[in-house]
Amino acid sequence: MYRVGVFASGSGTNLQSLIDAAGREFTVCVVATDNPAAGALQRAAAHNIPTISFADPRDGPDIVRSLAKFELDLVVLAGYLKLVPADVVAAFNRGMINIHPALLPAFGGKGMYGIKVHEAVLASGCAVSGPTVHVVGEEYDRGRILAQWPVPVLPADSAAELQRRVLAVEHQLLPAVVKAAAAAGTPVPLEPRTEAFAAADDPSIELRKE
Ligand code: GRF
């Protein structure tokens, strides 16, 4: 069984999408956080998944030590807001992925998280946004892109509305990437997702009707 650990700092809806998709192909073995108040911890507890709250998210050796017994194949950063120390990235040797709510390499980097990302997309006038899953490197939001899913920016969008629609496709994209990694034994790129423009019957995606 492919063993996945999830790092999350917030409410953990992406974690939930992984918990819901786990089963035959992969299992979520541990949820770790820098934030003892993270809603993600309650989601983990509800499914009897062990949790770890890092005493110091900059202490790489301690993080590596605390994860060792879970024998993880993959670490997923799902709304984890701290920089992962270089020795933790090295310990997982490219078996660490992150989901970001915009089409990297645009709208990423330090300080670009949460609603700020969507505000920046709207301010830019971009017609398309959408989530990116990428391999974690030692800088924020860099590393090989594995999957992206375009989400149209609609003329009447607020940042909150765009965030809601992007999050809805994050919940489909992230489990798809983890399942592909489980099948391959390592993170692999997915075919570009273009259904967002075609699947007008998908209730999570509202298309411009012209
Ligand atoms: C998501 O938009 C994710 O892309 C970003 O942080 C948000 C986390 O949401 N990295 P949640 O905690 O999974 O609900």
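These legends go with close-up views of a predicted model.

**View 1. Helix H1 alongside helix H2.** Here we have H1, residues 13-21, and H2, residues 39-46, with axes that come within 9 Å and cross at roughly 20°. Angles under 35 degrees count as roughly parallel, so that is the label for H1 and H2. The crossing of H1 past H2 is right-handed.

**View 2. Side by side: the contact of H1 with H2.** On the H1 side you'll find Thr 13, Leu 15, Gln 16 and Ile 19, and they meet Ala 40, Arg 43 and Ala 44 of H2. Sorted by type, the residues of this contact come out as four nonpolar, two polar and one charged.

**View 3. A salt bridge between Asp 56 and Arg 58.** This is one of six salt bridges in the structure. The N to O distance between the two side chains is 3.1 Å. Asp 56 is partly exposed at 25% relative accessible area, while Arg 58, at 70%, counts as exposed.

**View 4. Glu 161 and Arg 164 in helix H6.** These two pair up in a salt bridge, with their closest N and O atoms 2.9 Å apart. They sit three residues apart in H6 (residues 159-184), so about one helical turn separates them. Both ends are partly exposed: Arg 164 at 41% and Glu 161 at 25%.

**View 5. Glu 161 again, now with Arg 165.** Through shared partners, salt bridges link Asp 157, Glu 161, Arg 164 and Arg 165 into one network.

Notes: Residues numbered from 1 in each chain as written. Predicted model: local features only at pLDDT ≥ 70, side-chain atom pairs only at ≥ 80, totals over all residues. Heavy atoms only, no water. Axes fitted to C-alpha atoms, helices over the stretch in contact; angles between N-to-C directions. Helix = DSSP H or I, 4+ residues; strand = E, 2+ residues; numbered from the N terminus. Parallel < 35°, antiparallel > 145°, perpendicular 65-115°, else oblique. Left-handed = near helix turned anticlockwise from the far one by under 90°. Contact = heavy atoms within 4.5 Å. Nonpolar A, V, L, I, M, F, W, Y, C, P; charged D, E, K, R; others polar. Salt bridge = Lys/Arg side-chain N within 4 Å of Asp/Glu carboxyl O. Buried < 20%, exposed > 50% of the residue type's maximum accessible area, 1.4 Å probe, protein only.
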